[in-house]
Amino acid sequence: MTHDNEKENNVERNEAWLRNISDDPIGPGVEMIKLRLRVERQEHWFGECVEDVVPEDLADRVKRRIWSVLREDDEQNSHLRRSAAKKRVASVVYRLLGAAAAIALVAIGSFQWLRSPAPADGFDYVTAFDAFAFDELSESIDDLSDDISSLELASNGSTWPTKSYDDLDDDYDLLDSLLKMEADDWS
Amino acid sequence: MKIADDLENIVKRAKTLDQEALDALVDLYSSRLYGFLYRMTGNVDDAEELVQEVFVRVVRTIADYSHRGRFESWLFRIAGNLGRDHARKRSRTPTILPLTTTDAGSSHDEERDRPLPNQSASSPDKDLRVREDVDILQRGMASLSENEREVILLRHYADLSFSDIAKIMETPVGTALARAHRGLTKLREWMETQT
């Protein structure tokens, strides 16, 4: 090694040391700095002693373990998701049955009302009933059925859900509002 | 700077359990973690098992990791905790490396006789020399206190500053520095008596 190279290496080493020191707020004490310098020399010695003996395929084995763990976690989570989904679907089916019963009551009430004598202004209640009530309600029920089918398939693990429980709640709320409006209109 | 940026990007992707990013973390750190845990436990099988356990914990907790400070601090803190737990379990059923060859138990004999990993391409003479060096250094490491050993290993394998190490070990910086000095002095004296 030439003198110039040696000098350059020393400069680099000193710079590296200064950078290192600046990462370590060891305080202004001279003794601490001396200690830090001594440790630096010892660490250099230690670095030369350590001979790493890492198994060649260690990384591959670690990666395989990670993926086996992730698969296990995923299976466990999907089992939990399926259980939760089944409970949610059952609850929605009960709510839907309730909604269907309410529709049936409204419809029966409406037809009973329609069978009564027509008012003097001759308003066409049959057309109005067809145009509003069943179109909107049946569309809303269709939406709910789609939500439930999608969630049922997802809960069986057949597909990824295209609908969420938020969609289902929104659609249910819409149907609920329509039923209330309908009930108000025809009561 | 570029490496730090790359690492930040890798960690960000790893937080979403991106396969490539997790593999990249394994490629980046498995060797260093193995060295760290081998020096902590003195046993190749335990070291490998613990490296795998570190990454399992990383995968399960990285979503909650916030990228502040150095990633190595977080990673080697996990490794250090696992290494200490392991040492405590082992201390109940003592299999720690003996300080002299005459004390060697059967488990240590098996460990010493086992071919060292990654040395298939080297010559038998070199194998023997490497094995002897590793053995001496490892026995020297076993003679240090847990705290001294951990500071030295965190410096060497995690490349952490003393202030980072002090945070991990919950001690003042001066204490971490003093432990490193004391441990390395003991180790050097130990090595000199062996050669």
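Residues are numbered from 1 along each chain as its sequence is written, chains are lettered from A and ligands numbered from 1 in the order in which they are written, and side-chain values use heavy atoms, with hydrogens and water left out.

**Chain A**

- Chain A has five helices and zero strands, where helices (H or I, at least four residues) and strands (E, at least two) are DSSP runs numbered from the N terminus.
- Of the 187 residues in chain A, 29% are buried, with buried meaning under 20% relative accessible area, exposed over 50% and partly exposed in between (1.4 Å probe, protein chains only).
- Among contacts in chain A with a separation of 6 or more, 59% join residues 24 or more positions apart, a contact being heavy atoms within 4.5 Å.

**Confidence in chain B**

- Chain B has a mean pLDDT of 80, and 74% of its residues reach 70 or more; pLDDT is the predictor's confidence in each residue, from 0 to 100.
- Where pLDDT is low, the predicted coordinates should not be read in detail.

**The α7–α9 pair in chain B**

- Helix α7 (residues 146-158) of chain B packs with α9(B) at an angle of about 95°, their axes lying 8 Å apart, where axes are lines fitted to C-alpha atoms, for helices over the stretch in contact, and angles run from 0 to 180 degrees between N-to-C directions.
- This makes α7(B) roughly perpendicular to α9(B), since angles under 35 degrees count as roughly parallel, over 145 as roughly antiparallel, 65 to 115 as roughly perpendicular and the rest as oblique.
- From α7(B) the contact includes B:N147, B:E148, B:V151 and B:I152, and from α9(B) it includes B:A176, B:R179 and B:R182.

**Two buried residues**

- B:E148, in helix α7 of chain B, is buried at 3% relative accessibility.
- The side chain of B:E148 makes a polar contact with the side chain of B:R182 (3.0 Å) and reaches the backbone nitrogen of B:S145 at 3.1 Å; a polar contact is a pair of N or O atoms within 3.5 Å, and within protein one must be able to donate a hydrogen and the other to accept it, while residues adjacent in sequence count only if both atoms are side-chain atoms.
- B:T41, in helix α2 of chain B, is buried at 15% relative accessibility, and a polar atom of the side chain of B:T41 lies 3.3 Å from the backbone nitrogen of B:N43.

**Positive phi angles**

- Most residues other than glycine have a negative phi.
- B:L17, in the loop between α1 (2-14) and α2 (19-41) of chain B, has a positive phi near 60° and is partly exposed at 34%.
- B:E170, in the loop between α8 (162-169) and α9 (173-194) of chain B, has a positive phi of about 55° and is exposed at 69% relative accessibility.
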